[in-house]
Amino acid sequence: MRITGLDIQGFRAFTEDHSFDLDADVILFTGANGRGKTSVFDAMLWALTGSLPRLESKSDDVPVTSLYSSSEFARVELQLSDDKDSFQIVRSDDSNGTQVTIRTDDDVIAEGRNATSWLRDRLWPQAQLAEDSHEAFSRAFTRSVYLQQDLVRQFVEADTEKQRFKVVSELVEAGRIGELNTTLDNQRSNWSKEINQRKENLKEKRRALEDAKNDRDDLGEPETEDLEDFRQKWSEWWTTAGKLGVDRNPPAVDDSDASSAIDEAIKTLSTLRRQSDRRLSEASNRIEDAKELPDEDNLPDLKALKYALSDAQAEKEEAEAAVEEAREAAAERRKQQIKEQEETQELATLAEIALRHVDERCPVCQQAHDQETTRQHLETLIKRAREINGEPDDENETPDFLEAAINQLDQAENAVSEAAEKLDEAQAQHRKAERIEGDIREWLDENDVSVRNDESLSDSLRRARQSLEERVEALSDHAQNGESLSLRLATIAQESRREEIESRIESLQEQVDETESGIDAMMETRDLANKYIDQLQKATEEFVKQRLNSVSTLLQKIYSKVSPHPTFRNIRLTPSFAYNRGRLNPYVSDRDRDFDDRDPFSVMSSSQINVVALSIFFALNLGVQNIPLKALMLDDPLQSLDDINLLGLMDLIRRSREHRQIILSTHDSRLANLLKRKLRPVKPHHTTSVFHFRDWTRKGPIIRESQIEREKSPVRLVPA
């Protein structure tokens, strides 16, 4: 099966659609770095496997869509054909994910997972049987068909010895044997773990058996008890306990929780006794309170006291009115006294003035008058003023009639205070009696004690106290009886415990015997399996060695042609089994000295290791018959190589074109010209296509395609 065409759209460096006619024996991609050559190889690998391992190892998110694509859509169509048929692989990626379709020009063969399975079955059927078919197919392709850029040393450096063995086993059709070895070894490990777990379990069972025997010995000699008599007392005790307030279903004597049940019941009885003790104390306190409760006949008459207070308040109001009237009368009398004194003084003053001017005629009206009479009248006015020349009543002094009214008011207020005080005292006595009676009745209600018609509250309290005393005594006695039963139960429980231990000893002994027998059988099976697994590993190692013989011979020839190490000129791939895992390591040696095989990394430079890796890749590609694709794909491998015989390598590639389709790229223009010369068509059926990547823009690479014409006359390369 060979590649005949490639169509790329929106993938990696290809923004726009570009088609490649790859129906040629040799396809050469040339051009400077960064112009899209590697994207062509990535497109072919992505179409075939759906992954890009060289990029996935550097990032979890590997975008395949071109950064400059406006549609955010990538599509690759790879055409494959052989002498029998041809088909196209169409793989695309958009916002809905990746889709793959296998089709011919006329029909769709398979889609989705069916397409992936069909493709692997068509190109490399043994991958379908691998544990991880995708990884097996992808790794086989990148180790035997396509040598990725900058990953020349991956097989000998990045891959572990176990990965190398797995890849080569797949290529030489021993992959399933290797997986069988791995599966059997894992099962052997699991089997050994199971044996160890069972041994640990056996130790635990033996310890448990020994502990059970010790427990039985600790119980001493068995004792006999009258079990039926005890059962009767046990039942009667629980019945009485229920009547006393223990709310629990009575367990049977031989129940496992019988001891804990009676202990719990005794605790409940103790709690009930303490509660009854507290209530008994409360009853005594209430009886003392009842002694302070007076008879109703001895309580003051509140109604009469309220009437007396009302009468006193009325008399007070009348006295207050009399005082107010006396105050008003005293004020009016003083007012009249002041007015009369002022008028008399004014007349006396006028009389003294007029007396100095008494004449035949009145100085005011000029009328004739009796001077003597006028003089006497004036003197009378002056004398009168002198007679009443005293002060009016002092407003701060209380008249007798007012003082009498105030005294009457004081007496009325004192009467009101005395009546109110008597009423307050009487009400306090009534409230105290009501409180005491209320407390007593509340306590009686809380304790479910009814007051009979023919008894007082004190009698009811004494009756309640007597009942509580009887209950306290009953609870205490029943708890003591329970303690006795608990002690007897321990003896009976000990015998039940003895029976349980005997049963447990018997069961554990059976388990120990069964486990020992099972471990012996499993160890026999493990020993037999170890023999078979060891033989299978040896057979696998020998099988891989035989399959690698042809590859090893070819590897030595290839290594000799590409300028190997000056002294380490021998190379071989050595399979082995270590720690029950297949391993594959490359070794180099000096044929002229008695050196053991050496790891290339310990004796070679970086460039020489690249030569080793390149030689192994060519050997796997050319030496294994059933590789996924009959092609040799090299993405600019020589830029990683310094010391290499280019002519020898070119000759090796040229010779490979008879067996493989050569797809090669290089950034070196001189090497490109050399490749064109070395890989030119020399036979009529040979074809060589060249794709020159001249430049790159945001629309994608600018490519010039050409065909190298076959030269009829041979061309020789001679040293300068």
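Which residue in S5 is the bridge partner of Ser 81? The close-ups below come from a predicted model.

**View 1. The S4–S5 hairpin.** Ser 86 is the S5 residue that bridges to Ser 81. Strands S4 and S5 make a hairpin, with four residues between them. S5 covers residues 86-94 and runs antiparallel to S4, joined by eight bridges.

**View 2. Pairing of S4 with S1.** Strand S1, residues 2-9, also pairs with S4. The sense is antiparallel, over seven bridges. Gln 9 stands opposite Arg 75 of S4.

**View 3. Burial of strand S4.** S4 spans residues 74-81, and eight of its eight residues are buried, so the rest of the structure largely encloses this strand. In a regular strand, side chains alternate between the two faces of the sheet. On one side of S4, Ala 74, Val 76, Leu 78 and Leu 80 are buried.

**View 4. A negative surface patch.** Asp 311, Glu 315, Glu 317, Glu 318, Glu 320, Asp 410 and Glu 413 form this patch. Helices H10 (302-356) and H12 (400-446) are the elements that each give two or more residues to the negative patch. H10 gives the most, with five residues.

**View 5. Glu 413 in the patch.** Glu 413 is one of the residues of the negative patch and sits in helix H12. Its relative accessibility is 31%, so Glu 413 counts as partly exposed.

Note on methods. Residues numbered from 1 in each chain as written. Predicted model: local features only at pLDDT ≥ 70, side-chain atom pairs only at ≥ 80, totals over all residues. Heavy atoms only, no water. Patch = residues over 30% accessible without salt bridge, like charges linked within 9 Å, V, L, I, M, F, W, Y side chains within 5 Å. Areas by Shrake-Rupley, 256 points an atom, 1.4 Å probe, with all protein chains shown as cover. Salt bridge = Lys/Arg side-chain N within 4 Å of Asp/Glu carboxyl O. Lys, Arg positive; Asp, Glu negative; His and termini not counted. Charge placed at Lys NZ, Arg CZ, Asp CG, Glu CD. Buried < 20%, exposed > 50% of the residue type's maximum accessible area, 1.4 Å probe, protein only. Pairing = 2+ DSSP bridges.
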